Amino acid sequence: MKQRFYLYLRGEVYCIQDSRTGKQQSLKTKDEQVALRLLEVKRQSTADVSFNQIMLKTCLTVQDSLLTVRTWQTVMEQMQAHGKDSTRRRCARAMKCQAFNQLRRVKLIDTTAEDFLTILNVGKVSVAHYLKRLHNLAVGLGWLSHPILAPKLWPKLRFKSKRGITLAEHQNILNAEKNPERNLYYQLLWEIGSAQSDAAVLTAEILTGRLAF
């Protein structure tokens with residue numbers, strides 16, 4: 001059987017040529033034994049598609065011994081370990097979403113675009129937001145050798161419009177709240193136009209006469 005690739009010398013440097021396409025490629029080596037090994041790798045990778053994945057895992061495992069066992073659950077735990085307490089709590093709540101269940105035990109190196117697209121098809125903006133954050137974190141940490149999805153394949157996030165409550169809604173809240181202290185707190189929020197979380201961390205810088213959050 002005729003081999004698809006064969007070796008030849010160009011000056012002192014070994015090269016290979018594809019007999020089907022005529023494409024030539026320099027192996028950038030003058031060592032015949034090295035050139036023969038590279039030629040064999042090229043032939044095997046073309047004959048057996050799975051060979052490429054095996055070679056990739058073998059090479060990357062030398063640099064990262066956990067490459068073949070690290071799952072997306074590890075990335076989720078890593079995300080929850082950074083930022084302020086409030087940020088970590090939000091991430092922890094987000095990671096409990098059932099949409100991520102099918103990804104938790106999937107190894108990073110075995111992840112396919114289909115794995116991500118299945119989750120994105122859920123359609124929730126928050127799911128798409130946190131999935132992209134997980135993906136970018138894994139890439140940033142060097143746990144992924146290449147992105148799972150190209151930037152143009154990620155859906156554009158379209159958040160729902162938000163509004164403040166109306167005066168009638170505010171009055172209903174006050175009428176329903178029987179705790180005097182909380183009732184006064186709600187009245188304060190209405191007067192200063194603040195959200196509960198913002199008002200809770202509001203501080204007055206008396207020396208400078210400024211208000212800061």
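**Surface, burial and rings**

Tutor: The protein exposes about 15400 Å², of which carbon and sulfur atoms supply 54%; the area comes from the Shrake-Rupley method with a 1.4 Å probe, and for residues only the protein chains shown count as cover. The model is predicted: local features need pLDDT of at least 70, side-chain atom pairs count only at pLDDT 80 or more, and totals for chains, interfaces and linings use all residues. Residues are numbered from 1 along each chain as its sequence is written, and side-chain values use heavy atoms, with hydrogens and water left out.

Student: Why is Tyr 186 called buried?

Tutor: Buried means under 20% relative accessible area, exposed over 50%, and partly exposed in between. Tyr 186 has 16%, so Tyr 186 is buried.

Student: What makes Tyr 185 partly exposed?

Tutor: Its relative accessibility is 24%, and therefore Tyr 185 counts as partly exposed.

Student: Why is the pair of Tyr 185 and Tyr 186 called tilted?

Tutor: The structure holds three aromatic pairs. In the pair of Tyr 185 and Tyr 186, the centres are 6.3 Å apart and the planes 35°. Rings of Phe, Tyr and Trp (its six-membered ring) pair if their centres lie within 6.5 Å; planes under 30 degrees apart count as stacked, over 60 as edge-to-face and the rest as tilted, so this pair is tilted.

Student: How do you know that the charged end of Arg 70 sits over the ring of Trp 143?

Tutor: The definition asks for NZ of Lys or CZ of Arg within 6 Å of the ring centre and within 35 degrees of the ring normal. The charged end of Arg 70 sits over the ring of Trp 143, 4.2 Å from its centre.

Conventions
Buried < 20%, exposed > 50% of the residue type's maximum accessible area, 1.4 Å probe, protein only.
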